[in-house]
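Work through the exercises below with the sequence and the model open. Each task is followed by a solution in steps.

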Amino acid sequence: MNSLALIQLAVTGLLAALLPLTIVWASSDSNKRRKLVWVIVFLTFDLIMFGAFTRLTDSGLGCPDWPGCYGHANPIQAHADIAAAEALMPTGPVTVVKAWIEMIHRYLAMTVGVLIMSLMIITWTRWFQSGRKDPGGAPWYSALLFGLVCVQGAFGALTVTSKLQPVIVTTHLLLGMTLLAQSAWSAARQSEHLMVAKAATALRTPALVAAILLIIQIVLGGWVSTNYATLACSDFPLCHGTVLPQMDFGNGFTLWRDLGKTAAGEYLPFPALTAIHWTHRMFALVVIAFVAWVAHRAVRIDGLRKTARRILLVLALQFTTGILTIFLQWPLALAVAHNAGAALLVLLLTMLNYKARISTDFTVNQAATQ
């Protein structure tokens with residue numbers, strides 16, 4: 001990719017970030033930094049959803065190079081190359097529509113990156129100007145966010161160059177969820193919170209365990225999606241009419257292999273896909289039970305009640321979309337909604353963990369003075 005195309009791509013990212021930045025600075029919120037962090041949370045959630053849409057529409061290789069498209073900054077300039085590839089394989093990975101889906105995903109990722117860079121610059125500047133005493137500045141959090149988005153970008157590139165290798169794509173998803181959780185935690189530190197009862201301290205460990213279990217389940221779900229194993233069990237609650245179907249865990253959970261292949265380069269046997277799906281399904285029962293138990297306890301605690309109720313609602317919706325995805329043969333809208341539900345649970349459990357750790361006898365309002 002030549003320097004002119006790189007400049008055009010950078011300008012596109014800056015222009016895309018200009019709108020949310022303008023919204024932040026034109027808002028009536030006196031704490032612009034807090035507003036910016038919440039905008040980052042919102043757009044990171046959107047990025048995860050659109051990333052799921054990109055993956056589920058098989059658009060991950062819509063532009064088979066990175067960061068541009070056939071060496072250009074957009075699919076319009078690369079139209080001739082895209083049309084030639086589409087003519088050779090009309091239903092293949094490269095089409096005009098898939099190229100646009102992939103590039104819009106990259107533009108959105110660049111927007112989030114520019115916003116996080118802006119947040120880091122603003123935060124560190126204010127921290128130094130305040131004599132390194134700005135308690136709400138959290139410069140290390142903004143630096144961590146910037147580091148995460150850089151690593152996420154690197155795995156975005158690897159996703160393309162590795163030709164959608166499942167372990168790379170799953171790691172890319174996990175990093176996206178981590179970025180969402182970290183940005184939500186940073187946003188929570190900037191915000192005012194109502195009084196949280198002391199009883200919430202008893203939920204610190206259970207809430208953390210719930211978050212860890214959710215992360216494991218998201219990894220398993222990503223492994224299902226990246227291996228196209230969603231319909232490996234087409235019935236529920238049984239799988240192929242039995243509780244324990246024929247499964248190949250060895251090939252199914254071998255990490256370093258190409259998409260659809262075993263480590264030896266042979267085609268991945270169907271029992272391996274069944275093992276991947278079955279594991280995700282069974283572990284979902286563990287996650288649902290434990291997270292629901294934690295949320296049920298949190299409902300009884302002042303300051304956590306609203307978050308806990310939202311967790312229970314999203315948990316029920318997530319269970320429903322998961323089942324309907326199987327019975328309705330994996331419709332795109334439901335599959336994207338299932339990914340969105342996972343991201344919402346990450347957000348809500350992050351907030352629950354944060355509030356459980358700031359539980360106190362008085363209102364937490366340190367952000368109000370900033």
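Contact means heavy atoms within 4.5 Å. The model is predicted.

**Exercise 1.** Of the contacts between residues at least 6 apart in sequence, state what share joins residues at least 24 apart.

**Exercise 2.** Decide whether the radius of gyration of the protein chain agrees with a compact globule.

Solution. Start from the length: for 370 residues, a compact globule would have a radius of gyration near 21 Å. Then take the value for the protein chain, 22 Å, which agrees. For the dimensions, the C-alpha trace spans about 65 × 55 × 30 Å along its principal axes.

**Exercise 3.** Is L43 buried or exposed, and which residues does it contact beyond its sequence neighbours?

Solution. First locate L43: it lies in helix α2, residues 32–56. Next apply the cut-off: buried means under 20% relative accessible area. L43 has 13% relative accessibility, so it counts as buried. Finally, leave out neighbours within four places in sequence; L43 is then in contact with P20, L108, T111, V112 and L115.

**Exercise 4.** Describe the lining of the largest pocket.

Solution. Begin with the space, about 950 Å³. The lining has 44 residues, and A109, Q152, G153, G156 and H172 lie nearest the centre of the pocket. By element, α4 gives the most, with 10 residues. By class, the lining has 24 nonpolar, 16 polar and 4 charged residues.

Technical notes:
Residues are numbered from 1 along each chain as its sequence is written. This is a predicted model: local features need pLDDT of at least 70, side-chain atom pairs count only at pLDDT 80 or more; totals for chains, interfaces and linings use all residues. Side-chain values use heavy atoms; hydrogens and water are left out. Helices (H or I, at least four residues) and strands (E, at least two) are DSSP runs, numbered from the N terminus. Buried means under 20% relative accessible area, exposed over 50%, partly exposed in between (1.4 Å probe, protein chains only). On a 1 Å grid over the protein atoms alone, a cavity is a set of points where a 1.4 Å probe fits but cannot get out, and a pocket is an open set with protein on both sides within 12 Å along at least five of seven lines; lining residues have an atom within 4 Å of a point. Grid points are joined across faces, edges and corners, and a volume is the space filled by probe spheres set on the points. Ala, Val, Leu, Ile, Met, Phe, Trp, Tyr, Cys and Pro count as nonpolar, Asp, Glu, Lys and Arg as charged, and the others, Gly among them, as polar. The radius of gyration is taken over C-alpha atoms; the globule rule is 2.2 Å times the number of residues to the power 0.38.
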